[in-house]
Amino acid sequence: MSNPTLSDTLTLTCTWGRAPLPTSASPQAAYLLVETLAAAVAETVPLNFCLVLDRSGSMQGPKLAAMKDATKRVIDTLTPQDVVAIVLFDDTVQVLAPATLAADKDALKAAIDSIEEAGGTALSGGMQAGQAELRKHAAPDRVSAMLVLTDGQTWGDEDSCRAIATQLGQEGTHITALGLGAEWNEKLLDELAEATGGASDYVADPAQITSFFQRAVRAAQGTVAQDARLLLRLARDVMPRAVYRTMPVIANLGYQPIGQNDVAVRLGNLDSGAPASVVIDLMVPARAAGSFRIAQAELHYTPLGGTEQVVKQDVLLEFTSDPNAATYDPRVMNLVEKVTAFKLQTRALSEAEAGNLAGATQKLRAAATRLLDLGELDLAQKAQAQAEQLEQGKGMSAESQKELRYATRRLTQKLEEPSNE
């Protein structure tokens, strides 16, 4: 059921959710888990790192203090070979630290200590200034990354933000977009991250900022491959229905058809020791008893400073006339259940936004049941509570929506506790 293929640095493994499949006169649904794991490496890669930080008036107090502390800890985490820039934005822009090697850490920390809140929120200016700093040291042997933190809505410049993110993605820079509190635009931050193959997330409490910042730096430092893409060459009459990322977080990747029987999925950067995986929902045609090649999986990736590499894996599936022979892989089916819970809450939020409260309530209750079955008791209770709110004609709060949206994304990987070091 599980067949690994090895390259020098990566493992590619394909596992069926159920195998063998019973013979059937009609097509059957099948779930395929495709995983890649980059070998753990001791050394870190050199970074071209830019922090774009919101210092608007709403950041005053604990938010600003926590952001400054988290930023100083980022400086501690960087090596002297890393390039770092710090850009501040409100309704104006300040390049607090132009792109420079992270050698004089005391000077960088002193600059961070000087940050004060002021003004409104205009994210595009910060992103544009950050892009200019990143371009100064962009190189094939450096990982370029932008870390954005905001606690508010940016007004009137969303299209500019999207355009800059698209350019950054084309230039090989990944955005980690973090929203603090409940008043920021999750749709926009999700789109900015997605345009670059990066990540977006919800920081509920200022005390968690350090954990999110550290995770972003570690992921960038651990990059072993860039521009990873999964190409699935399907056998005749095998039909893809959906592709979901399951690790590091759940996301609906969709897929790009390449001809009649090929499907391509963008995976982005691969990090040292961190698994990346997708679940593919397929319809497989009727087959007689025997073993058949359903697809060939190809992982295309570019090692840092190197040329494109390809790892291939033939995907075989056995069919049997014995109705009792089929067994389920519990790990694959657990991932499928988590994806289902994610789909249900995503659709519930869409229904609620469209004003279909009955549909949203129904899907939230279904999501709560799935979460309960998965042992996610706290999240199940929150989904159920929101369903009751909607049933009473009350809208979901912005905080509740963000909590459900991002917590279900993380069902496959728990958020570590905030660092108290």
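User: Which strands each supply at least two residues of the lining of the largest cavity?
Analyst: Those are strand S5 (28-38) and strand S17 (276-284). Keep in mind that this is a predicted model.

User: What volume does the largest cavity have?
Analyst: About 50 Å³. The structure holds 3 cavities of 30 Å³ or more.

User: And which residues line the largest one?
Analyst: Leu12, Val34, Glu35, Thr36, Leu230, Leu267, Ala276, Ser277, Val278 and Leu299. By class, that lining has 7 nonpolar, 2 polar and 1 charged residues.

User: Switching to Gln221. Where does it sit, and what does it touch?
Analyst: Gln221 belongs to helix H6, which covers residues 209-221. Leaving out residues up to four places away in sequence, Gln221 touches Thr44, Val45, Leu47, Thr77, Leu78 and Asp82.

User: Is Gln221 buried or exposed?
Analyst: Buried, because its relative accessible area is 7% and the cut-off for buried is under 20%.

User: Cysteines next. How many disulfides are there?
Analyst: The count comes to 0. Cys161 is in no disulfide, and the nearest cysteine sulfur, that of Cys50, is 14 Å away.

User: Are Cys14 and Cys161 buried or exposed?
Analyst: Cys14 counts as buried at 4% relative accessibility, and Cys161 counts as buried at 0%.

User: What about phi at Asp227 and Asp237?
Analyst: Asp227 has a positive phi of about 50°, and Asp237 has a positive phi of about 70°. Neither residue is a glycine. Most residues other than glycine have a negative phi, so these are worth noting.

User: Where do those two sit, and how accessible are they?
Analyst: Asp227 is in strand S12 (residues 223-234) and is partly exposed, with a relative accessible area of 40%. Asp237 lies in the loop between S12 and S13 and counts as partly exposed at 49% relative accessibility.

Methods:
Residues numbered from 1 in each chain as written. Predicted model: local features only at pLDDT ≥ 70, side-chain atom pairs only at ≥ 80, totals over all residues. Heavy atoms only, no water. Helix = DSSP H or I, 4+ residues; strand = E, 2+ residues; numbered from the N terminus. Buried < 20%, exposed > 50% of the residue type's maximum accessible area, 1.4 Å probe, protein only. Contact = heavy atoms within 4.5 Å. 1 Å grid on protein atoms, 1.4 Å probe; cavity = no way out; pocket = protein on both sides within 12 Å on 5 of 7 lines; lining within 4 Å. Points joined across faces, edges and corners; volume = space filled by probe spheres on them. Nonpolar A, V, L, I, M, F, W, Y, C, P; charged D, E, K, R; others polar. Disulfide = S-S within 2.5 Å.
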